[in-house]
Amino acid sequence: MRLPIIIVNFKNYESATGENALKLAQIHQEVSRETGVSFAVCVQASDLYRVSQSVEIPVFAQHIDPVTYGSHTGSVLPEAVKQAGAYGTLLNHAERQLSLDVLEASIKRAKEVGLFTCVCANTPEAAAEIAKFNPDLIAVEPPELIGGDISISNAKPEVIRNAVSMVKNVKILVGAGVKTSEDVKKAIELGASGVLLASGVTKAKNPYEVLTDLAKGLL
Ligand code: G3P
């Protein structure tokens with residue numbers, strides 16, 4: 001997977017569920033092809049297979065559980081996610097937080113099955129703790145800015161700066177409130193290797209236009 005990257009988390013938005021997830025992922029692929037910018041999408045577990053089958057950009061799960069084959073009803077089995085075609089998984093999103101020991105076990109399981117890990121952290125300090133588990137990427141997102149209209153790049157540039165300076169062994173993505181190419185550009189200038197966002201795309205009237213604009217932040 002090529003950095004810098006724009007990763008879009010589909011969460012459980014209606015515009016990004018089922019058939020809509022498929023269409024939205026295809027738009028990401030189209031913009032990626034047109035601009036040459038690296039994009040990935042994080043879809044619900046139930047959409048992993050359908051989306052992975054029809055796009056070539058990396059598809060992420062939103063979560064996995066640190067379980068193995070067996071009697072774990074309702075768990076998201078890493079092997080199943082891999083077999084469904086996922087490239088990687090998000091872990092520890094602010095909306096799906098894990099204790100440090102569960103997170104460590106989840107990263108280990110992801111690595112065992114060959115899933116790329118992008119682990120979320122609420123603060124630079126949390127990112128530094130998580131970095132000890134050697135995930136592939138860490139996405140720092142101040143929870144109070146998630147889903148809002150003010151981006152981390154504008155409201156909390158120091159969070160980006162601090163995360164980048166405190167974590168040396170893992171590349172940092174940043175997110176929360178990211179909506180425009182300016183937000184992306186600023187995040188990169190501050191040392192981030194890309195952005196993680198959701199509502200700017202999933203709630204957009206014209207996702208193609210928004211994605212094309214976001215891509216400009218990396219050109
Ligand atoms: O996972 C990305 C996310 O939490 C940020 O959400 O809606 O602020 O871009 P949003």
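The model is predicted: local features need pLDDT of at least 70, side-chain atom pairs count only at pLDDT 80 or more, and totals for chains, interfaces and linings use all residues. Residues are numbered from 1 along each chain as its sequence is written, and side-chain values use heavy atoms, without hydrogens and water.

For Lys11, a side-chain N or O atom is 3.0 Å from a ligand oxygen. For His93, a polar side-chain atom lies 2.8 Å from a ligand oxygen. For Glu141, the corresponding distance is 2.9 Å. The protein covers 100% of the 310 Å² of accessible area that the ligand has on its own (Shrake-Rupley method, 1.4 Å probe).

The whole structure holds ten salt bridges (a side-chain nitrogen of Lys or Arg within 4 Å of a carboxyl oxygen of Asp or Glu). One of them joins Arg50 and Glu19, at 3.1 Å from N to O. Arg50 belongs to helix α2 (residues 48-54) and Glu19 to helix α1 (residues 19-35), so the pair ties together parts 31 residues apart in sequence. Helices (H or I, at least four residues) and strands (E, at least two) are DSSP runs, numbered from the N terminus.

Two backbone features follow. The peptide bond from Leu3 to Pro4 is cis, with omega near -5 degrees. Pro4 is in the segment before β1 (5-9). Asn92 has a positive phi, near 60 degrees. Asn92 lies in the loop between β4 (88-91) and α4 (100-113).

Terms used
A polar contact is a pair of N or O atoms within 3.5 Å; within protein, one must be able to donate a hydrogen and the other to accept it, and residues adjacent in sequence count only if both atoms are side-chain atoms.
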